[in-house]
Amino acid sequence: MYCQNCQKNEATIHLTEITEGLRTETHLCEHCAQDEGIAVKSQLSINELLSNLLATQPSDDELFTDGKQNISCPHCGCTLEQFTKDAVLGCPYDYEVFEKSLSSLIKKAHNGKTTHCGKVPSKTSTDTKKQIELMKLRRDLEAAVQNEDYELAAELRDKINQREK
Amino acid sequence: MKLTDISGNINEWFDGTGPLADIVISSRIRLARNVAGHKFLSRCSAAEKSEILKKLRDTLMSLELGDKISYLSVDKTPLLGRHFLVERHLISRHHAFGKGPRGAVIAEREFFTAMINEEDHLRIQVLKGGCQLSQCAEQINHIDDMIEQKVDYAFSPRYGYLTACPTNLGTGIRVSVMLHLPALKMTGQIDKFLNATRDMGLAVRGLFGEGTEAAGDFYQISNQVTLGISESDIVSLFENAVIPEIVEYENAARNRLLSKEPDVLDDKISRAMALLRNAHLISSQEALFLLSHLRMGINMRERMGASTPAIKKLSELSDASRGTDKPEALSITTINRLFMLTQPAHLQLNYGKALGPERRDALRAEIIRSALNG
């Protein structure tokens, strides 16, 4: 089939448009398509990918454990709704808290892969318990500062520095 | 470091040397990391962000990189300076125009940058000229190890390095190359190439990354998947499959132009020369495209021995900006230098003050004319 535009080259790009029930077909060669500015739609942005995925998630009942609406992460207060808006999570523990919803999204984003198999930090002190404690101490510190309890804040600051060693 | 210390120079990775540098302009590897025991940035208070900033700044500034390193407070850098850093590929647009306390650590030779408090707590990158992904990988891995001696990273055995956005999980690695593909564009094959690249699961972006268009025939391709594949496998995929294939296609397109459409080629090159040597107002967009055609011509001369009339003429032009007595043929380094230094923020920073668009277009044309006319 020859290009509709130049009638010289073979048509390799076939565009079908349906507007208000009317179907039009255009057949162009690469040169003419490029001239017309008809490029194949650029790939979905990360945000679009995320919204699409979350929109096709199982029903609300399955998303929320114990039928509770809008679970939020106890460590950072993030909710799934927040995540759909921001496209970023609130803290490392969100990966556990929202595990069900996130796992299928992660699988899709990474071509079906779900487990890390690359570099591992050489230090073995990625102690989960310690990290959770640290995050709690930091939350308490923020609250103390907000309540203007500076003595408590100083104590907590010391504890944090100790823990981090 | 003052920005004007580097603003007058060509960055090492852009000087036109390096393996396959006629097509693979540069190689870059970036790692995303977060400090354990902290929330991700979207939920951090300004105080926590400052705490993270200080911790990472202190760690990074203590590293031995074999080069002088400087810290820049991005939120305190004036707008023009931030634009400059983006033009220079040292920080992302997201970082330049983001909010809150954030910083950058930059090596003087610009092969290494760290962004603190961009989307993740820490993003480090190594940048080299030409196709040098293995070298980038080795270097950044070593730097990552050094940082990790002093800072605990958020990591889980299942999901690897934990990032604010799940699309960066696992290795947290973004491997990318910047390509110059003028012949694929001229022979009408660029969309085919873009589709093929996307089919391979790679992202294609313009000159300045996410959301930018392909100006000056530059394209950045990078991996999308970061989980379930190792860092070395991704690098290997690029070096052994992706890059050789793209280089082959672009070279084939260049050969096709030389053998089947030398007039089209010559016309593009001569028009570029004529405009660049004579125009009094050139926009940055126009400069990008014209310089792109010159770059293609010079590379065809040097790497393929091409000698069409217009390409031969390129050899006859003296490289005035090199400042030597003996006239030398126009070089890639000069073209790249012109490209980098005539970008808007570079122009203004080197001139010494902010300029309106028309004044910039005039200054740009002046700089280019004097470099090409001697």
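Me: Before we start, how are the residues numbered and the chains lettered?
Reply: Residues are numbered from 1 along each chain as its sequence is written, while chains are lettered from A and ligands numbered from 1 in the order in which they are written. The model is predicted, and local features need pLDDT of at least 70, side-chain atom pairs count only at pLDDT 80 or more, and totals for chains, interfaces and linings use all residues.

Me: Switching topic, which residues have the most contacts inside the largest nonpolar core?
Reply: They are B:Val24, B:Ala104, B:Leu179 and B:Ile368, in a core of 130 residues. A nonpolar core is a set of buried Ala, Val, Leu, Ile, Met, Phe, Trp, Tyr and Cys residues joined through C-beta atoms within 7 Å, and a residue is buried if 20 or more other C-beta atoms lie within 10 Å of its own.

Me: What does B:Val24 touch?
Reply: Not counting residues up to four places away in sequence, B:Val24 touches B:Gly130, B:Cys131, B:Val177, B:Leu179, B:Ile243 and B:Val247.

Me: Now chain A, how many helices and strands are there?
Reply: Chain A has eight helices and two strands, counted as DSSP runs (H or I, at least four residues, for helices; E, at least two, for strands) numbered from the N terminus.

Me: What share of chain A is buried?
Reply: Of the 165 residues in chain A, 21% are buried.

Key. A residue is buried if 20 or more other C-beta atoms lie within 10 Å of its own, exposed if 12 or fewer, and partly exposed in between; C-beta atoms are placed from the backbone. Two residues are in contact if their C-beta atoms, placed from the backbone, lie within 7 Å.
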